[in-house]
Structures are given as C-alpha cells and as structure tokens.
Amino acid sequence: KKLKRPLQGTNPNIQYCTSCTDGHSHSLIPRNLMPETSHFRGAPASNRNREDSWFKSLFVRKVDPRKDAHSHLLAKKEESNLYKIQFHNVKPECLDAYNKLCEDVLPSIHADKYYPCELVGTWNTWYGEQDQAVHLWRYRGGYPALTEVMNKLKNNKEFMEYRKERGKMLLSRRNQLLLEFSFWNEPLPRQGPNVYELRSYQLRPGTMIEWGNYWARAIRYRQHNREAVGGFFSQIGKLYMVHHLWAYKDLKSRESTRNAAWQHEGWNEVVYYTVPLIQHMDSRIMIPMKTSPLQ
C-alpha cells in the first residue's frame, strides 16, 4: 500500500499509513532504522538471511505474561541444587597469602560430608578485574542445605579464624545465589591445564525467559570441544544476572572455538536475538587455584 504523510504527521523520519486519519505511525518503523531495500534485493541469500534476522530482532523484546516464576520454568526440576558465587577483591600485596589461606581451609570443607556443600571451582582473575578471587559453591538440597552449612560453620573454629584473617586481606567482597539452567551441563571436576572464562550478562528485567529459550537451542553449538562448563542465573544479589562458564586449553583455543561457532547455521540467529536483551556484559579470564576441582 502506498504510504503518505497525513497533515498531522510532522516527523520526516516516520512512515505514516494511509489507513490512518489521525497522523499516528502505529507499529511502522522509523525510516532511519530500516535497512536499505537494495541490500536485500542484490545480496546473497546468506546476507539476506542475516539482515532479515536483524530486522526481526527489533520486535523480539516483548515478553509474554507468565503464570509461573522464571526460576521454576528455567531451572532443573530433577535436582534442587543452589549455587553461591563469591567475588573477593584482594589487596594486591596480599594475594599470595590469600591464596595460601584459601588452599589450606576451603578443600577441607569441600571434603567433609558433615557439610552438604561442594567447592565447584576457585580461581584468580587473569584478565578482567585484577587481584580478584572467584569461588563457586554448590549446595545439594537448595536453601535448607545453605542454611545448614552456615549454621554449622559458625561452630567451626578453623573457618571462623579463616574469615578473620581473610577480612584483613580484602578490599571488598560480594556474592550471589544462583540456579543452574536446565539445558546446561552440571559443572563437574575436570583435569587441566585450562583457562576459564566467566561471561556475565546483566539482562533487561522481564527477558530471562527469552534468554533461556534461545540458549536452550544455542548450547548445542558450543559443546564440540567440551568448552561448556555451566550456566546460571541469579536469585539473590544482583538480579537478572546470567553467568556462563567456559573452559579452554588456552586463549588461542578460545579464539578458534568461538570463531567456529559462527560456521553453524543458527548461531547468528541466537546472537541477533539475544543481544537486544542485554544491558551490560563482562568477561573474566581466570586461572584455577591449585586446589580447585575444576583445573
């Protein structure tokens, strides 16, 4: 249908519809956001598909109303695992002493069946935030297990002394409680040497379901080199946070593995549709500590 500009339409960047008499633009797209038509007519099919995907991605941020919490829809049903991730910013001059303290105390808690928790991994950041330690714990049994561990550790003299000494070495610390996506692997101990990448995404509120739907299909593109370690979303702490944990032999392997994903049909669709859901993203390259189960 031929488009014209009604008398009340004064914005030259908007296409107006002839069916409207009130000058409204409704759902038509501003001209300065529309891709050039010539790109579609003369470009190869692969380019047209990519541009078409970009065009469609302008409309995917609308989230359907749900009758259940996204934690129930996205988390694993057969297990009630809860995860805690800790970020400790260490005084630069204390980093070696901090690592030694952690290596002396944390593995003993991990190995003691008296505590229903497991140390999944513990790292120092290599690239990203400097002089930082990252610890990931799993509580089998969910929130009751977390509460049980906290109460028991209050009576553990070694742990309370550890906390006291640790406090002298830290500049700041923060944590989050997480659930794992149902379609990701459960993080299990692995041999090294590996470097790990923690990619953290701050999503727009209300878009977690969309993110989960796209990544449930996308994760198969990232399994070929066993690089996928775990995927989590926050429950307490900074909300609408997603963490993806990856393992690579080295940084060169990381580069080649990530580039290879673009050779799989459908990966570009995931990127086009999920990028608009992100408010902020961050990447940490991490080196495991000596006693980390993930090496």
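## Working through the predicted model

W126 is partly exposed, at a relative accessible area of 36% (buried is under 20%, exposed over 50%, partly exposed in between, with a 1.4 Å probe and protein chains only). A word on ground rules: this is a predicted model, where local features need pLDDT of at least 70 and side-chain atom pairs count only at pLDDT 80 or more, while totals for chains, interfaces and linings use all residues. Residues are numbered from 1 along each chain as its sequence is written, and side-chain values use heavy atoms, with hydrogens and water left out.

**Exercise 1. Find the residues that touch the most other members of the largest nonpolar core.**

Step 1: A nonpolar core is a set of buried Ala, Val, Leu, Ile, Met, Phe, Trp, Tyr and Cys residues joined through side-chain atoms within 4.5 Å.

Step 2: The largest core has 52 residues, and F181, W211 and W215 touch the most other members. Helix α4 (residues 95–111) gives this core its largest share, 7 residues.

Step 3: zoom in on W215. Skipping neighbours within four places in sequence, W215 is in contact with F183, W184, H244, W246, W267 and T274 (contact means heavy atoms within 4.5 Å).

Step 4: Apart from the largest one lies a core of 16 residues, including Y83, I85, W123 and V229.

**Exercise 2. Work out which parts of the chain the R284–E129 salt bridge ties together.**

Step 1: check the pair. The side chains of R284 and E129 meet at 3.1 Å, N to O; the rule asks for a side-chain nitrogen of Lys or Arg within 4 Å of a carboxyl oxygen of Asp or Glu.

Step 2: R284 is in strand β8 (residues 278–288) and E129 in the loop between β2 and β3 (132–140), so the bridge ties together parts 155 residues apart in sequence.

Step 3: R284 is buried at 2% relative accessible area, whereas E129 is partly exposed at 33%.

**Exercise 3. Trace the salt-bridge network that includes E186 and R140.**

Step 1: take the pair itself. E186 and R140 bring their closest N and O atoms to 2.7 Å. The link spans 46 residues, from E186 in the loop between β4 (170–180) and β5 (195–203) to R140 in strand β3.

Step 2: E186 is buried at 16%, and R140 is partly exposed at 36%.

Step 3: bring in another pair. R222 and E227 form a salt bridge at 3.4 Å, N to O; R222 is buried at 2%, and E227 is buried at 2%.

Step 4: join the network. Shared partners link E118, R138, R140 and E186 through salt bridges.

Methods
Helix = DSSP H or I, 4+ residues; strand = E, 2+ residues; numbered from the N terminus.
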